[in-house]
Amino acid sequence: PKLETGTPYIFAATHGFSNDIIACLATIDRSAYLLMGSTNQVEYNKLMYFAWLNGFIYVDRTNSDSRKSSLDKMERVIRSGSSILLFPEGGFNNTENKLCNRLFAGPYLLAKRTGAKVVPIAPFYEYGSDTIYMKYGEPIDMCSYENKDEAIRLLRDKFSTMVYETIESHASSLVRRNLAGDIRMKFMEERRKEYLKNSWTRDVWEEELTVYKDKKCP
């Protein structure tokens with residue numbers, strides 16, 4: 001999309017592979033602070049020095065006070081004239097059938113506080129490939145929605161459409177009846193290898209696998 005010069009945006013992206021953060025930062029046309037919710041990587045991954053140089057806000061996804069304060073910090077960044085990059089799915093999308101997981105409300109809450117528009121991004125990477133495809137949507141004015149759930153459903157629908165269109169255009173074609181063995185296990189093995197592209201120093205999965213769970217649903 002053609003974005004306004006000098007205007008901060010909330011860049012919201014789907015989350016599914018180890019290099020999607022770098023791919024987003026490399027293709028956004030302006031400064032964007034990253035909301036980083038991977039404690040172990042912040043503590044031990046030397047690449048986080050580059051995230052710090054770029055500008056990032058750390059959030060402990062397992063701590064409600066940290067989540068609240070991160071929203072305050074993102075608001076400060078927007079009001080100072082810089083943009084924000086966040087991944088409202090929380091953890092990676094590790095489902096083989098859902099185009100997009102349910103979303104946390106961060107993009108909507110930040111938009112309501114600041115008036116900034118939300119730019120949806122759908123990075124796509126096929127495991128084993130050397131190519132990442134990036135799809136950007138037009139900015140969404142979430143401030144016009146009084147109902148949070150309605151606004152978040154709109155964003156999730158937009159994500160899902162973008163992901164589907166990218167898969168349709170760029171993914172390898174597979175026929176289910178031609179796939180042998182336990183397809184679910186093969187898929188999860190690929191996901192495991194994707195996680196292992198980063199080094200981990202301890203059990204981190206309570207945080208890394210964080211996904212939105214509606215309190216109204218069992």
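## Overall architecture

The chain has eight helices and six strands. Read from the N terminus, these elements follow the order β-α-β-α-α-β-α-β-α-β-β-α-α-α. The radius of gyration of the chain is 17 Å, close to the 17 Å that the globule rule gives for 218 residues, so the chain is as compact as a globular protein of that length. The model is a predicted one.

Along the principal axes, the C-alpha atoms fill a box of roughly 55 × 40 × 35 Å. Buried residues account for 41% of the 218 residues. The accessible surface of the chain is about 12900 Å², and 51% of this surface belongs to carbon and sulfur atoms. Among contacts between residues at least 6 apart in sequence, 71% join residues at least 24 apart.

## Helix H1

Helix H1 covers residues 20-27, and its buried residues are Asp 20, Ile 21, Ala 23 and Cys 24. These residues cover an arc of only 165° around the axis, which puts them on the same side of H1. Ile 22 and Ala 26 are exposed on the other side of H1.

The cover over the buried residues of H1 includes strands S1, S2 (32-36), S4, S5 and S6.

## Helix H5

Five positions of H5 are listed here by name: Pro 107, Tyr 108, Leu 110, Ala 111 and Thr 114 are buried. The buried residues of H5 pack against S1, helix H4 (64-79), strand S4 (83-86), S5 and H6.

After H5 comes Gly 115, and the phi of Gly 115 is positive, near 80°.

## Helix H6

Helix H6 runs over residues 148-170, which makes 23 residues. From the first C-alpha of H6 to the last, the helix reaches 33 Å, close to the 33 Å expected at 1.5 Å a residue. At the N-terminal end, Asn 147 caps H6, with a side-chain oxygen 3.0 Å from the backbone nitrogen of Asp 149.

Buried positions in H6 are Ala 151, Ile 152, Leu 155, Phe 159, Ser 160, Met 162, Val 163 and Thr 166.

Key: Residues numbered from 1 in each chain as written. Predicted model: local features only at pLDDT ≥ 70, side-chain atom pairs only at ≥ 80, totals over all residues. Heavy atoms only, no water. Helix = DSSP H or I, 4+ residues; strand = E, 2+ residues; numbered from the N terminus. Expected span 1.5 Å × (residues − 1). Buried < 20%, exposed > 50% of the residue type's maximum accessible area, 1.4 Å probe, protein only. Polar contact = N/O pair within 3.5 Å; in protein donor to acceptor, adjacent residues only side chain to side chain. Contact = heavy atoms within 4.5 Å. Rg over C-alpha atoms; globule rule 2.2 N^0.38 Å. Areas by Shrake-Rupley, 256 points an atom, 1.4 Å probe, with all protein chains shown as cover. Arc of directions from axis to C-beta.
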